[in-house]
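My entries follow the structure.

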Amino acid sequence: MEIATSKTGRVSLTVFFWLLVIFLYLPIAVLALFSFNDGDPSFPLEGFTTHWYGDVLSNDILVGALGRSAAVAAISSLIAVTLGVLTSFALLRRRFRGKPVVSALVFSPLVIPYLVFGISLLLLFTLVDKVLTQSFGIYIGLGLHAVVIGHVVVALPYTILTIMPLLERLSVSLDEAAKDLGANPWETFRRVTLPLLMPALISAFLVAFTLSFDEFAIASFLAGSQQTWPVYLFAQLRVPSLLPQLIAVSSVVFIASMLLVLSAEIGRRLAERRFGRDYTARGLV
């Protein structure tokens, strides 16, 4: 701590921070620059243009892939956050046999390579379809539903790790006070616990959404003919004529992601201040 707070330590950390920022964002800035280049994505630049962004709107396959990725990310994130809340409550506030085993199973996707997980899910869905076809004549097949299930499983540990620290800091006496005032368990959760957990829920949703929207390995095995944006992007990188459109879309996705994260962070801080002030004024915390 003394080394970090010394003048030399502060200067070193500042230099390291800015080098890290340059390393992370300079390639993205170059990517955005090429999206306005009237020619191949290479130096020297041939002129300024915005027609690549217009071409994107006329590419129905590309727009469809973006829409599918957004839908899969939104649905899987909502499911993962809901399951994350329930699992966090079970792991922190309930006693039951086999809790260490359940915890290990829930967090196991953190250490399983996505490539192995994607192949395993592919074999599982193929086996389920075979059994359903032979037994009931029903065939489900692969598609976005399979991708949603895969993304829920891999996003669940991240949502739990985001929700549990805040839930652990919430006093159980808040729930007991609400029950003493006549609230049932659902009302206690909706009117007391949920508002206090909202900052963590927003963060968990954003983490799960980002993870799902950018995920390639699992989606490449399970999407079938319904390609998501990462799968479509990887497939079309070998087509030089489409590269400028892909660069333009990537720039828009990055800007939209930054605006979403900034908006969510501002909303999270405002919610923390508002609910913290309300419950402090009521003498609950």
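I took a pocket to be an open set of points, on a 1 Å grid over the protein atoms alone, with protein on both sides within 12 Å along at least five of seven lines; a cavity is a set where a 1.4 Å probe fits but cannot get out, and lining residues have an atom within 4 Å of a point. The model is predicted: local features need pLDDT of at least 70, side-chain atom pairs count only at pLDDT 80 or more, and totals for chains, interfaces and linings use all residues. Residues are numbered from 1 along each chain as its sequence is written, and side-chain values use heavy atoms, with hydrogens and water left out.

**Pocket.** I looked up the largest pocket and found 17 lining residues, with T210, F213, D214, V253 and S257 nearest its centre. Its volume is about 440 Å³, a volume being the space filled by probe spheres set on the points, which are joined across faces, edges and corners. Helix 9 (185-214), helix 11 (229-236) and helix 12 (243-281) each give at least two residues to this lining. Helix 12 has the largest share, 8 residues. I number helices from the N terminus, as DSSP runs (H or I) of at least four residues. The pocket lining splits into 13 nonpolar, 3 polar and 1 charged residues. Here Ala, Val, Leu, Ile, Met, Phe, Trp, Tyr, Cys and Pro count as nonpolar, Asp, Glu, Lys and Arg as charged, and the others, Gly among them, as polar.

**Cavity.** I counted 1 cavity of 30 Å³ or more. The largest cavity has a volume of about 30 Å³, and R93, L170, S171, L174, D175, V192, T193 and L196 line it. Helix 8 (172-180) and helix 9 are the elements that supply two or more of these residues, and helix 9 gives the most, with 3.

**Helix 8.** After helix 8 comes G182, with a positive phi near 100°.

**N59.** I found N59 in the loop between helix 3 (51-58) and helix 4 (60-93). N59 counts as buried because its relative accessibility is 14%. Leaving out residues up to four places away in sequence, N59 touches Y232, L242 and Q245 (contact: heavy atoms within 4.5 Å).

Key:
Buried < 20%, exposed > 50% of the residue type's maximum accessible area, 1.4 Å probe, protein only.
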